[in-house]
Structures are given as structure tokens and as C-alpha cells.
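Please look at the sequence and the structure first.

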2 protein chains.
Amino acid sequence: MTEAPPTAGRRGDDTRQAIEIAAIDLFAELGYHAASMRQIADRAGIRPAAIYHWFESKESILTRLQNDFIDQLEDAVEEAVNQADDPVGKMAAAVREHVVFHGRHTRAAFVTDSEIRALSPNSRQHLLARRDAYEAMFKQLITKGIESGDFRVSDPAVASFAILLQCTGVALWYDPEGSLSLDRIASIHVELVLGSLGVKVQT
Amino acid sequence: MTEAPPTAGRRGDDTRQAIEIAAIDLFAELGYHAASMRQIADRAGIRPAAIYHWFESKESILTRLQNDFIDQLEDAVEEAVNQADDPVGKMAAAVREHVVFHGRHTRAAFVTDSEIRALSPNSRQHLLARRDAYEAMFKQLITKGIESGDFRVSDPAVASFAILLQCTGVALWYDPEGSLSLDRIASIHVELVLGSLGVKVQT
DNA sequence: GCAATAGCCTAACGGTCGTTCATGAAGCTG
DNA sequence: CAGCTTCATGAACGACCGTTAGGCTATTGC
């Protein structure tokens, strides 16, 4: 009784993955509205109608991509944070993992961030709530660091926005072929962030 | 021989401004591709065909908005920088003006940044070149500050990306009705940036 | 007062969009 | 084998897109 392929048909759900990859790339290159179902189908190697066997609508492709990205980002950063004890270490771990994750998934990160307004009201509210929860984690890290005397900032809310924006922005310019490794870029951002939080330099 | 109105017809070029305002708002709310000429015309109080009396195409509305925004941003920041002498003062002035300008023109800033990919290749290249030149100004401010011994950063290029991203991002979340004034937000960003550049705190 | 023109209109063009429908080939199940 | 499900297809639907052609009106310059 060996593991049988769960689905029938010709390809299994490689097709689903092909659609998702095509959609990420096209949404990132052209934007959600400028990328058509026909283009997605072309790049996935199928006819447009076949997409509707795997997704109920164009928007459902987008929401799937976005929620998958946030799922994985949350998991990765939470795990990194939990492996440090003090506020400085936790913030450094969070920044490093956030940067690395955005560098490894530049297109998905970009689509998740920039196409929120393309969603219908319900999906948009849902995604914004998830994004807010993620941001709240950083804000709380800052607040804890202030209480412990490790950080010195005027406004934790503004600081968390600023930190997340600069780290998320790595997805906009990072080039795997470039001269800087992702680890190096992450280290630089940890330095910048800890500096802006008023942490004593620990060279 | 008093100054005569330069154009004839019913409204002068109030119409042109109405189209630009409608376009900024709709591009910001829905995105360039999701906003239609009919919606722009509706909001400007005219019929779609009338837009083509003032603009030769939908894309020319976008490029006009984007280039106007960069024109004014460049002027404002350059003037602010020129009124300071030392690297720390220049960077503080640049950050403050950049933040204030983005807070005062959130929608235009957002459209200029996020709809570059909607442009045809020629217009896109032109706008990217202008953006690069603007970023180079910040990078040079950092380099000068390092040479003078005022700043301490590992990588000026990455630092300038990070600084600009967090300051530009103000356009994404700033709310004029919120509890923080734009001046206050600008001051906080000056603190954060100077901190990340390793400037001694000057309370 | 008369021609020219600026400004805006209605109507329509060809094209593309997201989506649906009916159909059929291929594999699994009993 | 028969029957069901999975996966994909070609063709078409109505809606909407950016844009244009042609005409009307009011103001301007002479």
C-alpha cells in the first residue's frame, strides 16, 4: 500500500504551483490589474479556463499568495525572536530574519505589500488586520526595550513604522546577483536599526 | 493692457487642474490601471473625451503628475540642505523636508513611487534616472558625513536606501487628522536617522 | 459682424478583460 | 467493463477599456 498520487488527471497539482509562480512574477512585474488571466495561463503552460479549476477567481489567486507569504513570514520571525532572550537580541533577530525573508522572496513580498488595495473590502480588511498584528509585534519589542532601558526612542509607534519600512524595502532593491550578500545586508540593517533605537555600539 | 486670460472657452484651465486632482486621487486609491478615464472624467466634472483636449493620453497624465512631484520635491529639499553648513545639519534638514513634503503630498508621493512600472519603457527610464539622481544626493550627504567624522556607517549605499525608504514611507501612514503633527513626525525621523548614522545624541 | 478657435459634447470604434459553459480525454474505483 | 471524478480544452459571453471622429457653442481677434 504505497503512497498513491492523491489526484488523478495528467499532472497532479503541479499546475497549481505553476499558476502561483506565474501569478507572483506577473503581479510583481506588471501589477495585479495589468496582469491578465491569459498571461498567467500562458506562463503556466495552460489555457485560461483551466485556472478556474484551481482558483475560483483572479482575486483568490492574489489572496492566496498574500496570506501564504504572511504565514511564512510570521513563522520565521517568531521563531527567530524566540531564540533570543534580551530585547536587543530579540530585535536584532527580528530585523535580521525580516530582511533575509524579504530578500529571499522579493516578488511575493512586493505583491503582498503593494496590492492590498486591489482586494475586495473583506479580503482587504482581513489582510490589513494580519499586517497590523505583525507590526504590533515589532512595536511591542520596542516598548519592552524601552522599559528595560536598552532603547531610547521618542515614539515607539513611529519607530516601528520606520524600522519595518526600511527593512521591507529591501525587497525593492535587493539583487541576488549584486555585490552584497543577503547576510551582509541584514547585518547592516541590524546596525542601522539598533543605532536608531539608541543602543550603545557593540563593535 | 492688463493681463488677459490666456485661454478662451468656458472654464479656462481649471479643468486641467480638476483632471490632475481627480487623477492623483484615483491613481492613489485604486492604482493606475484600475482607475479609468471615465472615472477621472466623472470626478473632474466633465465627459471622458474632454480629457483629451488637455492630455494626449492616460499615461501622459501620470507622467505629468510624477515629474511635477519630483520637481517640487527636489527644489524643496535642495533649498533646505543649502541652508545648513555641516553634514549633520544638512542631513537633518534633508530628512525633515523630505518627510514634511511627503506628508503634505501623500497621494502624489505614493503615485510617483508606486506607479513607475505602469510607464512605457522610455518614460520609466526617464523617471528612474531622476529618482536615482535624487537618491544620489542623500548618498553623497552620507559620504561627506563619514569623511568629516560625523557619521559612522558600514555602507553608505544601503544606508541611503534605508533612510529614504523609512522617510518616504511616511506617505503611506501619515494621517493629518491623527494625533501627531507633521513637524513632530519629521523631528522623530531626524532623530532616528541621525541615530542610525551613529551621530552622538544632542539633547 | 464675421471667421477662427478653444472647450466640451455625444456616439462609437476595436480590443481586451474576467469568467462561464459544454465537451472530452485520462485515470481511478468497484 | 461501467461509472465517476479530475483536469483541461475551445468558444463564447457581456462588460468595460482607452481613444477618436465629428459636431455644437461660446468666446476671441480682426
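**Domains, interface and selected residues**

The domain assignment divides chain A into domain 1 (11–55) and domain 2 (62–196). The model is predicted.

Q: How far apart do the C-alpha centres of domain 1 of chain A and domain 2 of chain A lie?
A: The assignment places domain 1 at residues 11–55 and domain 2 at residues 62–196 of chain A. Taken over their C-alpha atoms, the centres of these two domains of chain A are separated by 28 Å.

Q: What area is buried between domain 1 of chain A and domain 2 of chain A, and what share of it do carbon and sulfur atoms give?
A: The two domains touch through 11 residues of domain 1 of chain A and nine residues of domain 2 of chain A. The buried area between domain 1 and domain 2 of chain A is about 920 Å², and the share from carbon and sulfur atoms is 71%.

Q: Which residues in domain 1 of chain A lose the most area to domain 2 of chain A?
A: Three residues together account for 48% of what the side of domain 1 of chain A buries against domain 2 of chain A. They are Ile24(A), Ala28(A) and Tyr32(A).

Q: Which residue forms a salt bridge with Arg64(A)?
A: Two salt bridges are found across the interface of domain 1 and domain 2 of chain A. A salt bridge needs a side-chain nitrogen of Lys or Arg within 4 Å of a carboxyl oxygen of Asp or Glu. For Arg64(A) the closest N and O atoms are 3.2 Å apart, and the partner is Glu20(A).

Q: How many nonpolar, polar and charged residues does the side of domain 1 of chain A that touches domain 2 of chain A have?
A: Between domain 1 and domain 2 of chain A, three residue pairs are in polar contact. By class, the side of domain 1 of chain A that touches domain 2 of chain A has six nonpolar, two polar and three charged residues.

Q: How many helices and strands does chain A have?
A: From the N terminus on, the elements of chain A run α-α-α-α-α-α-α-α-α-α. The count for chain A is therefore 10 helices and zero strands.

Q: What percentage of the residues of chain A count as buried?
A: The C-alpha atoms of chain A fill a box of roughly 60 × 45 × 35 Å along the principal axes. Chain A has 203 residues, and the part that counts as buried is 50%.

Q: What area do chain B and chain A bury between them?
A: The contact joins 34 residues of chain B with 34 residues of chain A. Carbon and sulfur atoms carry 65% of the area buried between chain B and chain A, which comes to about 2600 Å².

Q: Which residue meets Arg117(A) in a salt bridge?
A: Across the interface of chain B and chain A there are two salt bridges. In the one that involves Arg117(A), the N to O distance is 2.9 Å, and the partner is Glu115(B).

Q: Which helix of chain B gives the most to the side of chain B that touches chain A?
A: The interface of chain B and chain A has eight residue pairs in polar contact. Elements of chain B that give two or more residues to this side include helix 1 (14–30), helix 8 (156–168) and helix 10 (182–196). With seven residues, the one that gives the most is helix 10 of chain B.

Q: Why does Glu20(B) count as buried?
A: Glu20(B) is found in helix 1 of chain B. Beyond its neighbours within four places in sequence, Glu20(B) is in contact with Phe55(B), Arg64(B) and Leu65(B). The cut-off for buried is under 20% relative accessible area. Glu20(B) counts as buried because its relative accessible area is 13%.

Q: Is Leu182(B) buried or exposed?
A: Leu182(B) has its place in helix 10 of chain B. Leaving aside neighbours within four places in sequence, its contacts are Val99(B), Val100(B), Gly103(B), Arg104(B) and Tyr174(B). At a relative accessible area of 12%, Leu182(B) is buried.

Q: Which residues is Ala76(A) in contact with, leaving aside its neighbours within four places in sequence?
A: Ala76(A) lies in helix 4 (residues 58–82) of chain A. Ala76(A) counts as buried because its relative accessibility is 18%. With neighbours within four places in sequence left aside, the contacts of Ala76(A) are Glu97(A) and Phe101(A).

Terms used
Residues numbered from 1 in each chain as written. Chains lettered and ligands numbered in written order. Predicted model: local features only at pLDDT ≥ 70, side-chain atom pairs only at ≥ 80, totals over all residues. Heavy atoms only, no water. Domains from an automatic or database assignment. Contact = heavy atoms within 4.5 Å. Buried area = accessible area lost by both parts, 1.4 Å probe. Polar contact = N/O pair within 3.5 Å; in protein donor to acceptor, adjacent residues only side chain to side chain. Nonpolar A, V, L, I, M, F, W, Y, C, P; charged D, E, K, R; others polar. Helix = DSSP H or I, 4+ residues; strand = E, 2+ residues; numbered from the N terminus. Buried < 20%, exposed > 50% of the residue type's maximum accessible area, 1.4 Å probe, protein only.
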